[in-house]
Amino acid sequence: MKRTSKDGRCKLPDNTALKQQQLPAYRLQLSATGVLSGFFATGVFCLGVGIILILNAKSIKEIEIKYTEICGNCAKLREDATNFDKECTCSIPFYLSETMQGNVYMYYKLYGFYQNLYRYILSRSNSQLVGTDLKDVGNCAPFSKSHDGTPIAPCGAIANSIFNDTIILSYNLNSSIPIKVPMLRSGITWWTDKYVKFQNPSYINLSSAFAGTTKPPSWAKPVYELDEEDPGNNGFLNDDFIVWMRTAAFPTFKKLYRRLNRIQYFTEGLPAGNYSFNITYNFPVTRFRGEKSVVLSTLTWSGGSSLFLGLAYTVTGAVTWLASFSMMAVHLMLKDRKMLFIQQ
Amino acid sequence: MTVPKEMPEKWARAGAPPSWSRKKPSWGTEEERRARANDREYNEKFQYASNCIKTSKYNILTFLPVNLFEQFQEVANTYFLFLLILQLIPQVSSLSWFTTIVPLVLVLAITAVKDATDDYFRHKSDNQVNNRQSQVLINGSLQQEQWMNVCVGDIIKLENNQFVAADLLLLSSSEPHGLCYIETAELDGETNMKVRQAIPVTSELGDISRLAKFDGEVVCEPPNNKLDRFSGTLYWKDSKFPLSNQNMLLRGCVLRNTEWCFGLVVFAGPDTKLMQNSGRTKFKRTSIDRLMNTLVLWIFGFLVCMGVILAIGNAIWEHEVGTRFQAYLPWDEAVDSAFFSGFLSFWSYIIILNTVVPISLYVSVEVIRLGHSYFINWDKKMFCMKKRTPAEARTTTLNEELGQVEYVFSDKTGTLTQNIMVFNKCSISGRSYGDVLDVLGHKAELGERPEPVDFSFNPLADNKFLFWDPTLLEAVKMGDPHTHEFFRLLSLCHTVMSEEKNEGELYYKAQSPDEGALVTAARNFGFVFRSRTPKTITVHEMGTAVTYQLLAILDFNNIRKRMSVIVRNPEGRIRLYCKGADTILLERLHPCTRELLSTTTDHLNEYAGEGLRTLVLAYKDLDEEYYGEWAQRRLQASLARDSREDRLASVYEELLGATAIEDKLQQGVPETIALLTLANIKIWVLTGDKQETAVNIGYSCKMLTDDMTEVFIVTGHTVLEVREELRKAREKMLDSPHAVGNGFTCPEKRSAKLTSVLEAVAGEYALVINGHSLAHALEADMELEFLETACACKAVICCRVTPLQKAQVVELVKKHKKAVTLAIGDGANDVSMIKTAHIGVGISGQEGIQAVLASDYAFSQFKFLQRLLLVHGRWSYLRMCKFLCYFFYKNFAFTMVHFWFGFFCGFSAQTVYDQYFITLYNIVYTSLPVLAMGVFDQDVPEQRSMEYPKLYEPGQLNLLFNKREFFICIAQGIYTSVLMFFIPYGVFAEATRDDGTQLADYQSFAVTVATSLVIVVSVQIGLDTGYWTAINHFFIWGSLAIYFAILFAMHSNGLFDMFPNQFRFVGNAQNTLAQPTVWLTITLTTVVCIMPVVAFRFLKLSLKPDLSDTVRYTQLVRKKQKAQHRCLQRVGRTSSRRSGYAFSHQEGFGELIMSGKNMRLSSLALASFTTRSSSSWIESLRRKKSDSASSPSGGADKPLKE
């Protein structure tokens, strides 16, 4: 930039649009036609989207069963931490009156579990989870090392508090022999989580890879033995683990647990009938007065969106329409006055 | 040879032995100053300051520490430093350290760069001044030295037109009697020449060898800033010589009309009066600045409140829930109770929520102001073609205040007027000359003037003189006796000195520009004043040299209001020529010329109506006897120091005619004043000039009009008189039929009632007050009375005011009116006022640059003021207000989300957004669009703000950004933050992604909220931007693009692979933003946040439109209708006002001429002058100088003495 100094005083300022503040520009003007038509259009849009979303949400079949109280004795058992090695199972029968068409997803839902506390979110080590540095437990306080100083893998409060109930859904076809509903435990994580964010340390043998570390205090088994059935689903790459590690934004949340494998009887989805959840109750929630439930749900193109969005859109659309009508009224009333003013 | 009536007290004191003890040293312990000529060793003992000046603040080494220290004295910067320290405490820290340090370093760096550049230019100008060359007498020979190497006690030689390097004691000069002429424009703004004289003993030291031997010692007062006084003693050769200001040449003066002179350095560098006067400029802050600081404090209070609420929430939560949740998340080791946890979370929340006090606010404000300053510098319409000077914004901190000015205080000479006098018209024995006629004989309009009169017949004519009426020249050539006598008078009756460097190359040295104009006119019309001696005047009358014997000059003064000369022409007739004010002269005229009198009076009225300064010319033939008698009487009178009215001066005289001189107003002054008045800006003229001149100018620049109900003139000499006059003025205003209220409150009560009563006054009044009365009116017990009276008047003119009084008047208005004041002036006498006012404007391109140096804005013509205020100022204010509103809005919308989230995350000080987003939000994602708006926005085109001066009013009333507007912005911000949090919350709580996985994970939520925030604030800035230039488009779209680019980059696999612990959001952007639900949420949030704003604005536009809205709307309609062009009507004036006596208020060279002191020794027969009279002349000149300085009203007639 040029300075208008005393010496170079005979400088005529440049006659550019920028310097003379004459840049060609669009002058924003809230004209009546523009605003009103904008409002009407927005109203139409919102109402349309709202109705579609509501219809969408209505088409979703969802069933939720809270099992903290149903499995009350298990809950009581788990309140005492010393009983960690005692197994407790609980069966919850329920009746599905309508077929759940299409893909069915099974979630566990926790009430009052604060995955969004500042120190909780922070308490993990990504460099450990990505398999590069198992010993890096710097951020994992207060679960970084065991009493004897061995680093915990996976370290941190998030990993330590993993949801460890096992839920098995059975279908009572003829009210006699329950059929285990085939469930997939794959495809419940983000691709980036499974293939970028979480990696096992590179060793031929997973257990030796985790040598020199210890399991989190609340865990029954070390991380490389999480899934006995599928050896590929162990270590940091365990899907349930990855799902848990993606912390929830709010104290009440549901996380995807399994999805229906549409084979045999279940190609169309879950047929109506009698079912039961067989739950191995491990995760204590009564300690913090929380609750847990299991959810079965279908899905639409917009995901399992709730009614909220649809309702919000509908209301917004309606209000916008109302507003635009009243604005139009005001505008028409004042139009004559305004013209008078301008002619003055 | 003449003696003033009374011995001025000042001189009496200066002549007495100086009383050091009374004077306090201005600093340090220097009680008196001793300087011995040519003795550096001796002078070094005292360690006086050298002549090196330093205005810069830093050098390379000290820059960083000093600058940082200065910057951390800013409250905002310390606040952020404090935050930074807080963040380093792990228990408290809820954000990474870089979220604060990156913006802070950026802010500090920008400011440091700016300071460094400023200081660099100061260094440069210091160097330039310090390296000027001057000739110093060292070891008996003259040597070239740089200014900075000149020491106290050195003798330096100055040459014509050189700047004086330091405060010097004048020793000798090329002129006789050690006289020398200086121009003090840089010091006091007066452009006329002043005389200084060396004391007699040193004035003979003309050659170097004698000067080298000079070893006198000066003992004088310590350095001070009083320009007009100096007291000291010269000890030389065992005798003492008193020294006064009359012997001093001050730094900053320019030597004129003197070939050379020698001076002894007494004060050097920072001790000089010039430097002592240029104290560091007080840092000016705008009212928006102050408001902003208050608001920041409020916000800080608000922040603490939020912190407390959340801390209490945290304590309760930890107590109720947290204790039971400890199996999953045990408390920190240091935390032993819920209460302590709450305490820590208070600090954590202070850190998180600190973004409500935006760190980039101050920097952005600076950047915007800098942009506005550049626009002022670049403005072609404020570039003066004639002087080739652009407008200059010398400070970059006051721009928006230009949009709020309510009072303009203007100097007259050089500001409203050009200080150029032009012989414009004349009336000779009843005939008026000088109208500009076009070919058809009609009065020509400006701009279509025909060719000026050709003076080529006269080899001595001044080419620069222009006259458009050829009839006058014809009359001269025809030999019309009246015309000849008229010009003869002009060539004889004056105190101008001539200088003829080459044959025919005449230069006139006039004490007042009026006289110069008249003599030049006579010269061009063939009556060339060629030279003068104390006894004679030689005039070339139509080519033949005629020498008149000069018998007496009766110089003008304020009582007589005329000047006369008595000359004997070659034929031996004695004639008295007189020119003077019409009021005085017309009543002394011979009654038989009644008819002539009335036509001349008509002409005078006509001239005055055009704003010209008029003089009436008359003559009288005297017979020898009468003259002899008078001369005798005069001599006696002067000897007796009698002040009685001199009878000769009041005899009847015969009218010759009248002249009209145009005190050339600067271009466009009346229009500018009219426009500013329409914009509700009150203009006060503060001038050092005489009342008549000031009032005259008031009329010619349309401040005063004949439509005015009354012009009050306050000229009281005592407190009581002034009070009475003010009271009467008020009573008249209230008594007038227009007056709304008639209950007059006692002035002593100075209650608010007084204000309200006087502000309701209808009718137009004006107030003229002179310096004497002003001194009383500004006393503590009367200032409010004065102020209220003055503010009720449409126009206020203060004349004969001192620089200090100018500042006092400004200060008075500033203090009691809570209004923004602007002072505009060109001379050093305006410096105090310029520094006092909120905004100081200097007129550049004149000779003195003191005013410009002290000013905040400088341009070369008064008329640019309208553009500065109505266009630049208005826009600056508008932009700054819009900027601030938006800025607070966006930060509240951004930050308050954390507050709402606090209720859902156990008050654990978890942020909603990614920490990178927090770092970059203010400095990258949202900074440029709002800056572009702050720099480029326009509500109406610039022509409209000139057409509708009322558009300026919102600024004066401070409507666009005040506490109310602030709360509206805050409310909007909070509203946005509520929606920004709760809509995604509502959606996320239940929803899942389209592949069935969880949607409501923290990171997706963070990205959704951040994205919708960026989009909402971008749409909002789009709405706020009234003027979408390509730059705005670029910045707004660019910001959005940058947001997404950075978002995807930060969430990319590559960065995660490198720093897995820093970039935790890997894969988030593509996973989250691929969800239709997320986009539906963002859209809904945007619609819900923006629609009410649009609706509100639209309704306001329909129901309660601003003037600017209406103008804009009209514009739109007009464009459709192909509108007609409006143009400002030029206001014409017919006035009955008679202009006054048109001379400078200082007496001329009359005495000097008659004494012959200024004549070259060679050119004069000095025999007739006794030594006694010569010394007495100098005495009396000195007295007169100090007299006119101390008592402007002056004495009565100067009695003649021969």
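Mentor: What follows begins with the interface and then turns to individual sites in one of the chains. The model is a predicted one, and the values below are computed from its atoms. On the side of chain B, 109 residues are in contact with 100 residues of chain A, and the two chains together bury about 9,500 Å², of which 63% is on carbon and sulfur atoms. Within the share that chain B buries against chain A, B:Tyr328, B:Trp378 and B:Phe1098 supply 9%, more than any other three residues. Accessible area lost when the parts come together is often used to give the size of an interface.

The polar side of this interface can be described by its pairs. Between chain B and chain A there are 31 residue pairs in polar contact, counting pairs in which both residues have pLDDT 80 or more, and the number of salt bridges between these chains is two. One salt bridge joins the side chains of B:Glu990 and A:Lys109, with 3.5 Å from N to O. As for secondary structure, helix 38 of chain B, residues 1076–1103, gives the most to the side of chain B that touches chain A, contributing 17 residues.

When neighbours within four places in sequence are left aside, the residues in contact with B:His1051 are B:Asp914, B:Val1007, B:Phe1065, B:Val1066, B:Gly1067, B:Asn1068, B:Ala1069 and B:Gln1070.

B:Lys226 is also a loop residue, placed between strand 8 (217–220) and strand 9 (231–236) of chain B. Its relative accessibility is 38%, and B:Lys226 therefore counts as partly exposed. The C-alpha atom of B:Lys226 is separated by 8.6 Å from that of B:Gln276, although these two residues are 50 residues apart along the chain.

Finally, B:Phe967 belongs to helix 33 of chain B, which covers residues 963–990. With a relative accessible area of 45%, B:Phe967 is partly exposed, and together with B:Leu297 and B:Trp298 it forms a nonpolar patch on the surface, the accessible area of the three coming to about 330 Å².

Technical notes: Residues numbered from 1 in each chain as written. Chains lettered and ligands numbered in written order. Predicted model: local features only at pLDDT ≥ 70, side-chain atom pairs only at ≥ 80, totals over all residues. Heavy atoms only, no water. Patch = residues over 30% accessible without salt bridge, like charges linked within 9 Å, V, L, I, M, F, W, Y side chains within 5 Å. Areas by Shrake-Rupley, 256 points an atom, 1.4 Å probe, with all protein chains shown as cover. Salt bridge = Lys/Arg side-chain N within 4 Å of Asp/Glu carboxyl O. Helix = DSSP H or I, 4+ residues; strand = E, 2+ residues; numbered from the N terminus. Buried < 20%, exposed > 50% of the residue type's maximum accessible area, 1.4 Å probe, protein only. Contact = heavy atoms within 4.5 Å. Buried area = accessible area lost by both parts, 1.4 Å probe. Polar contact = N/O pair within 3.5 Å; in protein donor to acceptor, adjacent residues only side chain to side chain.
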